[in-house]
Amino acid sequence: MGQVRGRPGPSPSTTLNQQSSEDPSLTSKDHSSSSNSGDSVRNSRESLVQGIRQPVSQSSSESERSRPSQAPQVKRSSRSEREKLKEAHARGLLVKYDENVDGGYLAPYGTYNLNLDYQISVVKEAIIERKLAPFYTPLQDFDASWTDEDLLAVLSNLKLHALPHEAEDEDEDLEYDEASVDESLLSKKELRRHLSKKFNKQLKLKKLEWQAAEEKRYLEERATSRQAASDDLKLELYRTSVECPICFLYYPRWLNYSRCCNHAICTECFVQIKRLEPHLPHDHDDEGDNNGEDQKAKAEQDPNLLISEYACCPYCATPNFGVIYSPPAYIRTGLGGIPPALFKSPLKSSGNGNITTDAITDEEDLNAFEVQENYFRKASMASAMSIATQRRGSLPATHPQVITTDFIRPDWEQNLNNARAKLAKRAAAASAIHASNMLIQSNENEIEQKMIQEAMRLSLLEEESRKRRASVK
Amino acid sequence: MSSLPKRIIKETERLVSDPVPGITAVPSEENLRYFNVTIEGPDQSPYEGGIFKLELYLPDDYPMVAPKVRFLTKIYHPNIDKLGRICLDVLKNNWSPALQIRTILLSIQALLAAPNPNDPLANDVAEAWLQHETQAIETAREWTKKYAVLE
């Protein structure tokens with residue numbers, strides 16, 4: 001195979017005990033710091049995080065959707081259990097305008113239809129903690145010469161979520177034609193596949209309905225809701241939009257940055273990046289490979305040859321891809337901040353804490369202003385300290401601010417074990433067939449032996465009786 | 001049918017507005033994910049003077065998976081088989097979504113300049129390359145003249 005210079009070769013394989021020690025369960029953390037956002041936040045942070053937290057084991061059944069051929073797990077959950085988890089996952093991917101962080105959301109816009117099998121609770125938690133950029137609604141185009149009015153006009157036309165045909169990738173689930181299938185003619189295995197595809201399609205359709213309801217709610221409520229972004233916030237975020245180097249869409253300039261080489265990546269592209277399927281070392285995968293079959297045979301003898309490699313940085317190919325995020329220090333809205341409708345640009349206020357509070361009668365709103373002011377003050381001190389702009393060199397994957405691809409998909413190890421178990425099972429089935437063939441053969445031999453012995457015995461008896469008859473004569 | 005993602009639109013536009021020397025990539029009218037490609041053989045390589053036609057297809061999950069690329073013009077090269085399939089790491093496991101049509105075609109052009117017979121796709125060609133390099137290079141030159149030079 002040809003190699004492109006400048007990019008390192010295949011990354012070293014990982015063994016199971018090299019897994020990141022980061023604990024994806026953040027349940028024990030205290031979320032009371034969000035109380036400043038007040039009751040007006042439709043879902044308080046605590047209930048939101050509890051609502052979205054799913055058991056870690058979910059991810060393995062979640063990934064079965066994208067890999068229907070996956071090996072059966074040791075303890076297979078029932079169909080209805082799995083369907084419930086899939087439905088919960090689909091709900092977790094809905095973009096809701098009132099679940100927002102610093103003007104972005106907790107679920108992806110929908111630039112990609114595929115590969116959404118990341119652990120939703122882990123990602124939402126990281127966004128709320130400002131360790132990962134929120135999912136900002138992307139701009140398809142951006143021109144720095146636009147006036148504020150132009151920009152606001154573009155922003156007010158944005159939907160919360162893309163329509164399915166606007167995605168980068170085709171959604172095969174939606175294209176399944178279940179009506180053309182006669183269920184009575186299917187084998188057990190085919191029926192299982194069919195029911196799963198049918199369910200996936202129905203779930204996708206339901207998800208479209210749910211998202212449409214969220215869009216409607218947003219349109220109806222955004223003029224009055226305190227959870228809809230103020231014009232100041234929108235302008236502050238999008239005035240200096242930058243292009244994500246992977247999807248080529250425009251986002252507020254506070255993107256995630258690779259821990260290794262400090263390149264920008266939007267959160268929607270980041271959650272797409274994951275380990276390759278378990279494979280053999282130096283696997284030439286599919287086409288045009290003469291030793292592919294040999295490799296497969298080798299793997300059947302020893303399924304532990306299968307490896308799972310770290311996802312690499314898309315920019316510099318460093319293994320164990322991870323990003324860090326430095327939030328804009330003076331924008332702290334939504335979950336863990338002030339209601340986004342109350343955000344005022346620091347340039348427009350006089351800066352020394354003299355924000356006019358005349359119009360504010362609500363004590364809670366007053367409180368919100370104080371929070372924002374605090375942030376302005378902190379921001380002026382901290383703005384130069386941003387990790388992304390200040391750091392030289394790379395950060396280790398274990399750095400507390402780094403979010404790795406393995407951290408948001410902790411099921412990779414389960415997937416590797418499943419792939420190995422599947423191979424082992426196939427190998428066992430193959431040797432069982434071999435053994436039973438041997439057994440049949442040896443049985444045949446034994447019977448043959450017995451028949452010969454019996455024939456000999458009979459012939460001896462015959463001979464003896466012939467001799468007896470002869471001697472009597 | 002999905003509408004064309006922004007990334008593909010922008011890549012296509014940039015291929016036109018800022019073309020790569022020695023490389024053309026034109027989307028087909030019926031399918032904007034399918035490109036007709038030509039690559040000029042690099043100078044001082046056995047492919048010099050040839051113009052090689054390729055096809056390039058962007059799968060549905062591009063850019064999370066690599067584009068599919070194949071030579072249409074016959075070529076004598078240890079990493080390209082007789083069906084035109086290319087053995088190049090960045091088209092397989094070393095694909096990165098930060099790569100583009102442009103960079104992939106440049107990598108293929110570089111592969112023409114620097115064949116790698118130690119990791120072959122076309123075993124017979126690679127063997128010839130390792131054992132009788134001068135002769136192999138001569139064959140590559142002849143093939144270039146025969147198949148890749150337009151009359």
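Guide: Axes are lines fitted to C-alpha atoms, for helices over the stretch in contact, and angles run from 0 to 180 degrees between N-to-C directions. With this in mind, the part to examine is α2(B), which lies across β1, β2, β3 and β4 of chain B and runs at about 35 degrees to β2(B). Helices (H or I, at least four residues) and strands (E, at least two) are DSSP runs, numbered from the N terminus.

The model is predicted: local features need pLDDT of at least 70 and side-chain atom pairs count only at pLDDT 80 or more, while totals for chains, interfaces and linings use all residues; side-chain values use heavy atoms, leaving out hydrogens and water. Residues are numbered from 1 along each chain as its sequence is written, and chains are lettered from A and ligands numbered from 1 in the order in which they are written.

Let us begin with the helix. The 13 residues of α2(B) should span 18 Å at 1.5 Å a residue, and this agrees with the 19 Å between its end C-alpha atoms. The expected span is 1.5 Å times one less than the number of residues. Several residues of α2(B) are buried, among them B:I101, B:I104, B:L105, B:I108, B:L111 and B:L112; B:R102, B:S107 and B:Q109 are also on that list. Buried means under 20% relative accessible area, exposed over 50%, and partly exposed in between (1.4 Å probe, protein chains only). An α-helix has 3.6 residues a turn, so residues three or four places apart point the same way. What covers the buried residues of α2(B) includes α1 (6–17), β1 (23–27), β2 (34–40), β3 and β4 of chain B, where contact means heavy atoms within 4.5 Å.

In chain B, four strands form an open sheet in the order β1-β2-β3-β4, with antiparallel pairing. The edges are taken by β1 and β4 of chain B, each with a single partner strand, so one side of each is left without a neighbour in the sheet. From one strand to the next, the twist averages 20 degrees. Two strands pair if DSSP finds at least two bridges between them. Between β2(B) and β3(B), which run antiparallel, there are seven bridges, and B:N36 stands opposite B:E55 in β3(B).

Two loops complete the neighbourhood. The loop between β3 and β4 of chain B contains B:P63, and the peptide bond from B:Y62 to B:P63 is cis, with omega near 5 degrees. Most peptide bonds are trans. The loop between β4 (68–71) and α2 (101–113) of chain B holds B:C87. UniProt lists B:C87 under "active site" in an unreviewed entry. With a relative accessible area of 0%, B:C87 is buried.

The unreviewed UniProt entry places "domain: UBC core" at residues 3–149 of chain B. UniProt positions follow the numbering used here, feature names are shortened, and annotations may be inferred rather than shown by experiment. The end C-alpha atoms of residues 3–149 of chain B lie 37 Å apart, and the span is 34% helix and 16% strand.

Finally, a brief word on the partner chain. Chain A has 13 helices and eight strands, and of its 473 residues 45% count as buried. Among the contacts in chain A with a separation of 6 or more, 77% come from residues 24 or more positions apart. One of its strands, β7 (residues 322–325) of chain A, is joined to β5(A) by three antiparallel bridges, with A:Y257 opposite A:I324.
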